Amino acid sequence: MNTIEHWINGVATPAGSTRTAPVYNPATGRQRAEVLLAEASDVDTAVAAAGKAFESWGNSSLSQRTKVMFAFRELLVQHEDELARLISGEHGKVVDDARGEVVRGREVVEYACGIADALKGSFSDQVSRDVDVHNFRQPLGVVAGITPFNFPIMVPLWMHPIAIATGNTFLLKPSERDPSASNLVAELYAEAGLPEGVFNVVHGDKTAVDAILDHPDIAAVSFVGSTPIAKYVHQRGTAAGKRVQALGGAKNHAVVLPDADLEYAADHLTAAAFGSAGQRCMAISVGVAVGSAGDKLVEILERKAREVKVGPGSDPASDMGPVISPAARERVAAAVAGSGTQGATVVVDGRGLQVEGHEEGFFIGPSLVDNVTPEMDAYREEIFGPVLVIVRAETVDDAIAIINANPYGNGTAIFTASGEAARKFQREVKVGMIGVNVPVPVPMSYYSFGGWKDSLIGDSPIHGPEGVRFYTRAKVVTTRWPHTEAAFTFPTST
Ligand code: NAD
């Protein structure tokens with residue numbers, strides 16, 4: 001049995017861990033490895049290594065940091081296929097989808113390659129007689145990232161390239177369900193010339209997370225995961241005096257107006273709802289069919305949902321793989337069953353699907369549920385599986401009101417031919433990331449990613465300019481040359 005170890009101070013290490021967790025191949029249902037689960041002492045070891053490394057990395061030149069980022073970026077290109085297959089084998093998503101994740105994560109490294117520009121301060125000449133003011137930003141020290149299972153490489157890549165390029169040292173606690181990609185990333189950083197101790201990986205569960213949140217030598221924590229844990233991490237981390245950014249769960253709505261190209265909208269809704277078996281924080285899980293769009297839209301969606309090819313992620317013919325665990329499959333099945341008993345119409349029922357040759361895999365087919373109302377559990381809960389629920393609305397105003405009453409506010413989309421409706425939608429909807437005829441509007445790396453309401457706890461979105469701000473703090477320097485006589489009056493501009 002392959003044991004996945006921590007990566008501390010530039011080497012794979014068992015540290016003091018004795019507990020382990022199984023890592024499965026969701027397509028076969030078989031265990032493929034075990035991962036060490038860190039104790040608080042392992043976190044201490046990694047933080048000590050990162051703290052030591054910060055002494056020199058925090059003072060390294062922008063050229064040195066940029067050089068490492070360029071080399072790391074090239075290695076991510078070279079290892080794209082290997083990374084995608086590793087992710088697919090532990091997460092279950094199809095290899096092409098995993099490749100997309102590697103590419104979107106790599107774009108953050110490309111942003112970090114331009115860190116010299118992003119970190120430029122400003123200068124004001126002659127704010128008073130013979131006085132100038134400039135500002136600049138400095139790294140925080142040792143910072144940590146705690147990440148979810150659904151994007152085992154992209155979400156950590158939202159964090160560490162920017163943290164490291166701005167001069168911090170980093171401790172990653174990835175999901176224990178698909179941990180391997182993080183160790184390969186650590187090896188690639190080492191090959192790229194990153195000094196020992198700058199990037200560390202500690203695998204684990206709540207014990208490791210709590211040790212990170214309480215550790216006095218960790219200055220900031222980035223978290224991405226479900227909302228209850230995001231709230232917990234934010235509360236405990238800030239109580240310990242840390243900077244915390246915590247991105248939570250989602251329930252993303254796509255509004256379809258009668259003037260939209262319904263075939264186009266249905267195509268995109270199908271891919272956005274069932275891609276990665278619905279296990280994306282930006283997945284569309286609610287379709288809001290407005291007015292006369294409803295019946296026709298559901299008819300096309302039914303056809304397309306039935307056409308989705310479900311199979312192992314390693315098979316290029318598969319559109320959609322399994323879900324992450326038997327528990328996730330049970331949760332999805334219960335949501336579909338519950339929506340039926342609460343009065344919704346189960347149009348396509350993915351329960352009971354068997355994939356030939358993979359009978360032990362964690363598969364469940366796509367489900368489409370119509371006539372769902374906001375009171376029903378299938379609407380209120382984040383199912384995080386291949387279920388698309390349809391809510392009917394009379395007007396675009398009704399659709400906006402439904403979205404705004406939802407506690408989540410990660411992403412949303414509108415499908416329409418009307419610029420006027422699209423403009424109204426983007427101005428009035430209380431959601432952080434909006435697509436116009438784009439179902440999964442994940443911002444490019446040079447913008448920042450973050451939702452509103454229960455999808456983002458605290459006030460800091462991730463990567464892009466907000467990432468640079470999060471991982472640094474500012475100094476403002478007021479300078480006078482040459483020395484003039486000191487005065488006892490309060491300084492004013494003269
Ligand atoms: P999760 O909240 O269960 O786990 C996230 C991380 O927290 C993992 O590293 C896990 O080990 C740790 N964790 C789990 N339980 C904990 C506990 N009780 N105490 C301390 N730490 C704990 O999330 P998940 O199931 O891995 O991922 C899916 C969730 O992540 C979904 O809710 C999804 O919407 C969300 N997500 C959000 C975004 C976003 O950008 N907003 C992106 C990806 C995923």
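Predicted model: local features only at pLDDT ≥ 70, side-chain atom pairs only at ≥ 80, totals over all residues.
The chain falls into two domains under the assignment used here. Domain 1 is built from two segments, 2–248 and 455–477, while domain 2 covers 252–436. Between the C-alpha centres of domain 1 and domain 2 the separation is 31 Å.

We can turn next to the interface. The size of an interface is often given as the accessible area lost when the parts come together. For domain 1 and domain 2, this buried area is about 1,700 Å², and carbon and sulfur atoms account for 60% of it. Three residues stand out on the domain 1 side: Ala-27, Val-94 and Ser-455 together supply 28% of the area that domain 1 buries against domain 2, more than any other three residues. Counted by residue, the contact involves 19 residues of domain 1 and 24 residues of domain 2.

Polar interactions also cross this boundary. Two helices, H3 (80–91) and H4 (95–113), each supply at least two residues of the side of domain 1 that touches domain 2. Of the contributions to that side, the one from H3 is the greatest, at 3 residues. In composition, the side of domain 1 that touches domain 2 comprises 7 nonpolar, 8 polar and 4 charged residues.

Side chains of opposite charge can pair when their charged atoms come close. Across the interface of domain 1 and domain 2, 1 salt bridge is found. Elsewhere in the list of pairs, Arg-280 and Asp-97 form a salt bridge in which the closest N and O atoms are 2.8 Å apart. The total count of salt bridges in the model comes to 34. Another of these joins the side chains of Asp-81 and Arg-85, with an N to O distance of 3.0 Å. Asp-81 and Arg-85 are separated by about one helical turn, because they lie 4 residues apart in helix H3.

The ligand, finally, has 27 residues around it, and the closest are Lys-173, Glu-176, Ser-226, Gly-248 and Glu-382. Glu-176 places an N or O atom of its side chain 2.8 Å from an oxygen atom of the ligand. Backbone atoms take part as well: a backbone N or O atom of Thr-147 lies 2.8 Å from a ligand oxygen atom, and a polar backbone atom of Gly-225 is 3.3 Å from an oxygen atom of the ligand.

Methods: Residues numbered from 1 in each chain as written. Heavy atoms only, no water. Domains from an automatic or database assignment. Contact = heavy atoms within 4.5 Å. Buried area = accessible area lost by both parts, 1.4 Å probe. Salt bridge = Lys/Arg side-chain N within 4 Å of Asp/Glu carboxyl O. Nonpolar A, V, L, I, M, F, W, Y, C, P; charged D, E, K, R; others polar. Near = heavy atom within 4 Å. Polar contact = N/O pair within 3.5 Å; in protein donor to acceptor, adjacent residues only side chain to side chain.
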